[in-house]
Amino acid sequence: MFERLFIVPQDPLLKLINEFKQDTRQQKIDLGVGVYRNENGATPVMKAVRIAEERLLTSQQSKCYLGIAGDLEFLDMLGYLVFGGIRPKKSRFAYLQTPGGSAALRLGADIIKLSTPESTVWIGDPSWTNHIPIFTAAGLHVKTFPAISADKTGLDLDQMMSTLASTNAGDVLLLQGCGHNPSGMDLEAQEWKQVADLCVEKGIIPFLDLAYHGLVEGLEEDLKSISQVMEVVPEALVAVSCSKNFGLYRERTGALYAMAPNIKKAEISLTNLFALARVSYSMPPNHGAAIVKTILKNEGLKQEWEQELFDMRNRIKNIRKELHLQLTQVFPSSLDKGKGMFSLLPLTPQQIDKLKLDHGIYMPYSGRINIAGLNRNAIPAFVKSVSTVAQ
Ligand code: LMR
């Protein structure tokens, strides 16, 4: 059996993480992987998370299985955080806890393949690098639509909508809820409305990937996608990740919420989701979900978490602003138009290689930078390096 396997090239982002780790230069800068970093370049355990963990250590009585759905209280609390405004429809939701947002996306892909295998999944170009692989691995047909303008400086809604005019009823539209990875170019509230109307008009099923909730404009503001879309469509899928906003990356904490047209269909969908999960990871890990539940259930801890999230968001905003100010003097920058942790720099692969080799600055070949990877002191050196390689 093994003789028939060939080496698969390592995922470029994971390769970059390893290369950065091995680089012994003091002044190296990691703008690669999409994790939040503080002013000292660390990704610390959030304070509220630490307190919740301490409480769990003394209160948890068992490590026995919780069941295939995971922690139901966690799912309710997270569901309330994300869908608070559209609670009346809650009975039409089928939901389960998943090992991170990635497994929620894969489970969503699996249930699409099971129910409507002929559906095409429409994914933005560019999008998160693992989006297309996840949906093709599930055996689905994928097509792309332009998610940024041709000059890469903004979002061209007309171009996006004209491509999506060729969708068929039953097709799936994958959209990132907020803080677009990799471009940082989000739809405005009014534009979300237009997309929502298109979904209704054409019978497209929206699949929202919410990985940066609270890290863009605010916990409420970042949900304009969810509210505009879910209010009008009869069916939708939502993948939620707690990796970034709770800093729980390695704890694999997420959930999939499927909104069905009625209660009966929601019940049927849930049995299918359970069956799909059972033959994959079987039951989700608990620790991260227990932490999130502990925080969301306790007003004091929740406030602590919200404050830290606010500080993280502000740091990202300030770095973006400062970087734009300095970069725009020497290099084309559209950082001021984007939001959240990411932005695309119009650099060639050769320039990106030079940044890595000559300056110890790491970013993927797409030119995506994780803004949180910079701090105020590093900005001038970064800008100087970019202008040197771009000459
Ligand atoms: C990223 O986009 O860098 C992160 O979400 C990490 C990953 O899994 O790709």
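What follows is a chat about the terms and the values behind them.

Modeller: First, the ground rules: this is a predicted model, where local features need pLDDT of at least 70, side-chain atom pairs count only at pLDDT 80 or more, and totals for chains, interfaces and linings use all residues. Residues are numbered from 1 along each chain as its sequence is written, and side-chain values use heavy atoms, with hydrogens and water left out.

Colleague: Why are α6 and α7 called roughly parallel to each other?

Modeller: The axes of α6 (residues 157–164) and α7 (residues 189–202) cross at roughly 10° and come within 12 Å. Axes here are lines fitted to C-alpha atoms, for helices over the stretch in contact, with angles from 0 to 180 degrees between N-to-C directions. Angles under 35 degrees count as roughly parallel, over 145 as roughly antiparallel, 65 to 115 as roughly perpendicular and the rest as oblique, so α6 and α7 come out as roughly parallel.

Colleague: Which residues of α6 and α7 meet?

Modeller: With contact meaning heavy atoms within 4.5 Å, Leu 157, Met 160, Met 161 and Leu 164 of α6 meet Glu 191, Gln 194, Val 195, Leu 198 and Lys 202 of α7. That contact divides into six nonpolar, one polar and two charged residues. For the classes, Ala, Val, Leu, Ile, Met, Phe, Trp, Tyr, Cys and Pro are nonpolar, Asp, Glu, Lys and Arg are charged, and the others, Gly among them, are polar. α6 also lies across β3 (120–125), β4 and β5, running at about 150° to β4.

Colleague: What makes β2 and β4 edge strands?

Modeller: Each of them, β2 (93–98) and β4 (141–146), pairs on one side only. Two strands pair if DSSP finds at least two bridges between them. The sheet is open, with seven strands in the order β2-β8-β7-β6-β5-β3-β4 and mixed pairing. Its neighbouring strands are turned by 20° against each other on average, direction ignored.

Colleague: How do you know that β7 and β8 pair?

Modeller: There are six bridges between β7 (residues 236–241) and β8 (residues 254–259), in the antiparallel sense, and the rule asks for at least two, so they count as paired. In one of these, Ala 236 has Met 259 of β8 as its bridge partner. The loop between β7 and β8 holds Arg 252, which has a positive phi of about 50° although it is not a glycine.

Colleague: How is the lining of the second largest cavity divided by class?

Modeller: Four nonpolar, two polar and six charged; among its residues are Asp 186, Glu 217 and Lys 339.

Colleague: Where is the centre of the largest pocket, in terms of residues?

Modeller: Nearest to it are Val 35, Ser 243, Lys 244, Tyr 249 and Arg 252, out of 40 lining residues. The largest pocket has about 1000 Å³ of space.

Notes: On a 1 Å grid over the protein atoms alone, a cavity is a set of points where a 1.4 Å probe fits but cannot get out, and a pocket is an open set with protein on both sides within 12 Å along at least five of seven lines; lining residues have an atom within 4 Å of a point. Helices (H or I, at least four residues) and strands (E, at least two) are DSSP runs, numbered from the N terminus. Grid points are joined across faces, edges and corners, and a volume is the space filled by probe spheres set on the points.
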